[in-house]
Amino acid sequence: MGNNGPADDVEEKEHFQRIVNAFRYYRSFSLQRLAASETYVSTLPQHHQKLLTSYRSHLEDIRTCVEHNYEIIKLITADVATLFENVKHDAGQVKSKVHPTMSDMEKVQSTLKQIVRDWSKDGEQERAACYDPIIEEIELKFPPGERALEQVQILVPGAGLGRLAFEIAKRGYSCQGNEFSLFMLFASNFVLNKCQGVETFRVYPWTQQFVNTLSAADVTRGSSFPDLDPSSLPRHAQFSMAAGDFLEVYTEANTWDCIATCFFIDCANNIVSFIETIYKILKNGGIWINLGPLLYHYSDIPGENSIEPTYEMVREIVQGLGFIIEKERTGVKTTYSQNVRSMLKYEYESVFFVCRKP
């Protein structure tokens with residue numbers, strides 16, 4: 001995580017502390033929400049309360065799930081102070097002045113869902129839809145036998161909890177995942193470096209979904225993780241995770257044989273800068289594989305600048321920077337941390353394309 005001076009250093013430490021606090025606040029935040037419902041029920045007429053007996057016990061079950069999740073969260077944040085070699089963070093004391101925001105609390109919740117997406121059997125279908133087309137394309141462009149696979153340098157920006165990068169490295173390629181979000185970095189550090197064995201932990205990702213639920217069991221169902229042992233990579237596997245802003249970390253031209261982006265390019269204030277950097281850091285003849293929608297994460301965030309070109313315009317930018325589009329599919333049906341049992345579901349019609357730098 002690069003910094004440029006004492007002011008940046010303080011800001012970075014406060015940001016770090018705020019994210020740690022968000023994780024630590026998860027339990028009381030979640031229990032407050034349950035308590036509000038319970039308090040309201042207790043003010044209702046007696047015969048209503050009687051009819052809501054199963055609802056009350058449902059809230060109790062959710063509370064139990066929250067406690068289980070908090071045990072996982074404590075493991076995730078246990079040693080984050082030592083996570084970055086170049087920065088010492090004092091995560092030992094919760095500095096109360098660094099309050100997590102509502103958005104931070106939502107991100108803690110989505111981190112739990114991300115564990116399910118990337119590292120549980122329940123995430124298998126999503127991973128097949130999002131990761132398999134990318135992996136298949138890599139194997140097509142860099143087939144085993146043509147050259148030593150560990151010489152093929154592949155970068156996965158916006159790697160999240162690292163499963164795509166892990167799968168690429170597992171196949172013998174040299175792969176680095178890059179991630180900026182501390183929520184993701186804390187959790188990926190836990191899964192990749194602390195989890196041993198298969199399905200040794202259990203998380204309850206749907207406890208905050210109070211609406212559009214068919215049954216109580218749908219809300220309190222858990223997912224075991226990891227679905228495979230993260231320490232099972234072959235000894236010689238070339239796999240790493242790099243923390244930091246993609247635009248700041250990757251400045252060296254002609255470095256990578258392949259860049260694989262999944263649900264990433266719309267995470268920029270300025271998508272042109274992402275595409276330009278991808279072009280610059282690829283070797284001549286290098287391949288960029290992309291799959292995802294155009295959600296434009298900064299679009300509705302107060303105080304953030306954002307541009308939102310349509311896909312047609314993105315194509316023009318891609319070609320305008322010099323890329324040759326070799327393959328392209330629109331309408332690729334994908335979901336992201338979807339609750340398959342919800343009465344409301346979101347589905348993306350993603351784009352998939354493969355470009356070559358001449």
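# Close-up views

**View 1. In β2, Cys 175 is the bridge partner of Ile 154.** What you're looking at is a predicted model, where local features need pLDDT of at least 70, side-chain atom pairs count only at pLDDT 80 or more, and totals for chains, interfaces and linings use all residues. Residues are numbered from 1 along each chain as its sequence is written, and side-chain values use heavy atoms, leaving out hydrogens and water. Strands β1 (residues 153-157) and β2 pair in the parallel sense, over five bridges. (Two strands pair if DSSP finds at least two bridges between them; strands are DSSP runs of E with at least two residues, helices are runs of H or I with at least four, and both are numbered from the N terminus.) Ile 154 has a bridge partner in β6 too, namely Cys 258. Two bridges join β1 to β6, and these strands run parallel.

**View 2. Strand β2 (residues 174-179) is largely enclosed by the rest of the structure, because six of its six residues are buried.** (Buried means under 20% relative accessible area, exposed means over 50%, and partly exposed is in between, with a 1.4 Å probe and protein chains only.) Which residues cover the two faces of β2? Ser 174, Gln 176 and Asn 178 sit on one side, Cys 175, Gly 177 and Glu 179 on the other, and all of them are buried.

**View 3. Seven strands make an open sheet with mixed pairing.** Reading across, the order is β5-β2-β1-β6-β7-β9-β8. The edges are β5 (239-243) and β8, each of which pairs on one side only. From one strand to the next, the twist averages 15°. Zoom in on β6 (residues 256-262) and β7, and you'll find a parallel pair with six bridges. Here Cys 258 stands opposite Ile 287 in β7. Strand β7 (residues 282-292) is mostly covered, with eight of its eleven residues buried.

**View 4. Helices α1 (residues 6-42) and α4 (residues 102-119) pack at an angle of about 80°, their axes 9 Å apart.** (Axes are lines fitted to C-alpha atoms, for helices over the stretch in contact, and angles run from 0 to 180 degrees between N-to-C directions.) So α1 and α4 are roughly perpendicular to each other. (Roughly perpendicular covers 65 to 115 degrees; under 35 degrees is roughly parallel, over 145 roughly antiparallel, and the rest oblique.) On the α1 side, the contact residues include Phe 23, Tyr 26 and Phe 29; on the α4 side, they include Met 105, Val 108 and Leu 112. (Contact means heavy atoms within 4.5 Å.) Sorted by class, this contact has ten nonpolar, two polar and two charged residues. (Ala, Val, Leu, Ile, Met, Phe, Trp, Tyr, Cys and Pro count as nonpolar, Asp, Glu, Lys and Arg as charged, and the others, Gly among them, as polar.)

**View 5. Helices α1 and α3 pack at an angle of about 175°, with 9 Å between their axes.** They are therefore roughly antiparallel to each other. Among the α1 residues that meet α3 are Phe 23, Leu 31 and Glu 38, while Tyr 55, Arg 63 and Ile 76 are among those on the α3 side. The class count for this contact is twelve nonpolar, four polar and seven charged residues.

**View 6. The largest nonpolar core has 42 residues.** (A nonpolar core is a set of buried Ala, Val, Leu, Ile, Met, Phe, Trp, Tyr and Cys residues joined through side-chain atoms within 4.5 Å.) Which members touch the most others? Those are Phe 23, Ile 76, Trp 119, Phe 186 and Phe 225. Helices α1, α3 (53-76), α4 and α8 (182-194) are the elements giving two or more residues to this core. Another core, of 27 residues, lies apart from it and includes Cys 130, Leu 164, Ile 287 and Val 332.

**View 7. Ser 224 in strand β4 (residues 223-225) comes within 5.0 Å of Glu 199, C-alpha to C-alpha, although they are 25 residues apart in sequence.** At 17% relative accessibility, Ser 224 counts as buried. Besides Glu 199, Ser 224 touches Trp 119, Ser 120, Phe 201 and Arg 202, not counting residues up to four places away in sequence. Glu 199 sits in the loop between α8 and β3 (201-203) and counts as partly exposed, at 34% relative accessibility. Glu 199 isn't a glycine, yet its phi is positive, about 50°. The peptide bond from Phe 225 to Pro 226 is cis, with omega near -10°. Most residues other than glycine have a negative phi, and most peptide bonds are trans.
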